[in-house]
Structure formats: C-alpha cells, structure tokens
Amino acid sequence: MQETVFPGGVLLSPTEAWPWDDAPAAEAMTLEALGPLATLEPVPEFLLLGTGIGLIQPPRAFVRAMEARGVGVEVMDSRAAARAWGVLRSEDRQVIAALMAL
C-alpha cells in the first residue's frame with residue numbers, strides 16, 4: 001500500500017483523497033471550501049470536520065447548509081477525526097472528512 005502525506009490538510013471520500021492546502025480557518029468554513037466533497041453522490045451520512053490541533057466550531061450557517069443537503073457535521077480536532085474516520089470506514093459507513101493540518 002502506498003502512503004501519501006498531505007501536510008496542508010486532506011479531503012477524504014470513501015474512494016478518494018485530495019490535498020487541502022487552501023483550507024480556511026474553521027471559523028470561516030464554507031461549502032465551497034470543501035471542493036469535491038460538497039457535491040458527492042450518493043450523499044454521505046455525515047462530514048467529519050477536523051479543525052487542526054484543537055476543536056473549533058465552524059459557522060452555524062455552514063452546518064445548516066450541510067444539513068440542508070442531508071449531511072450531518074461532526075466537529076473534532078483533526079487527530080480525533082482521523083481516528084473516527086478509520087473506525088467508521090472499517091464499518092463501511094458512507095462518511096466524508098475534511099481534516100485541517102495540525
């Protein structure tokens with residue numbers, strides 16, 4: 001298995017990973033900042049949003065916009081989000097993740 005390092009952050013779908021070098025601050029998160037994750041089909045169950053070294057809440061407008069698309073938002077620090085990603089994907093859950101750099 002090939003390992004890839006994403007020093008600026010990473011966007012994850014169940015099948016792909018993209019570098020997220022232009023990740024905004026958590027307080028400035030928008031749907032547009034999610035790039036390819038914002039329009040995935042089928043719609044995932046929820047987004048794991050890793051906000052770097054600490055937990056920082058994104059704007060309520062961002063969370064409401066995701067929920068309007070049928071996607072829940074779980075916010076945590078990026079290390080916890082990466083661990084959760086591994087567990088949820090091992091259960092074959094349809095989740096996406098946006099992990100900011102530490």
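## Ser78 and its contacts

Leaving out residues up to four places away in sequence, Ser78 touches Gly50, Thr51, Gly52, Leu99, Met100 and Leu102, where contact means heavy atoms within 4.5 Å. Ser78 belongs to helix α2, residues 78–90; helices (H or I, at least four residues) and strands (E, at least two) are DSSP runs, numbered from the N terminus. Ser78 counts as buried because its relative accessibility is 6%, buried being under 20% relative accessible area, exposed over 50% and partly exposed in between (1.4 Å probe, protein chains only).

## Basis of the model

This is a predicted model, in which local features need pLDDT of at least 70 and side-chain atom pairs count only at pLDDT 80 or more, while totals for chains, interfaces and linings use all residues. Residues are numbered from 1 along each chain as its sequence is written, and side-chain values use heavy atoms, with hydrogens and water left out.

## Nonpolar cores

In soluble globular proteins, nonpolar side chains tend to be buried together. A nonpolar core is here a set of buried Ala, Val, Leu, Ile, Met, Phe, Trp, Tyr and Cys residues joined through side-chain atoms within 4.5 Å. The largest such core has 20 residues, and those with the most contacts inside it are Trp20, Met29, Leu34, Leu47, Leu49, Phe62 and Met66. Two or more residues of this core come from each of β3, α1 (60–68), β4 (72–76) and β5 (95–100). Apart from this core lies another, of 13 residues, among them Phe46, Ala84, Val95 and Leu99.

Met29, with neighbours within four places in sequence set aside, is in contact with Trp20, Pro24, Leu34, Leu49, Pro58, Pro59, Phe62 and Met100.

## Loop residues

Ser13 occupies the loop between β1 (9–12) and β2. With a relative accessibility of 5%, Ser13 counts as buried. Its contacts, not counting residues up to four places away in sequence, are Trp18, Leu37, Leu40, Trp85, Val95 and Ile96.

The loop between β2 (17–19) and β3 (46–50) holds Ala23, and Pro42 is also found in the loop between β2 and β3. Ala23 is partly exposed, at a relative accessible area of 27%. Between Ala23 and Leu99 there are 8.7 Å in space, C-alpha to C-alpha, although the two are 76 residues apart in sequence.

## Backbone features

Glu41 and Pro42 are joined by a cis peptide bond, with omega about -5 degrees. Asp92, in the loop between α2 and β5, has a phi near 60 degrees, a positive value in a residue other than glycine. Asp92 counts as exposed, since its relative accessibility is 55%.
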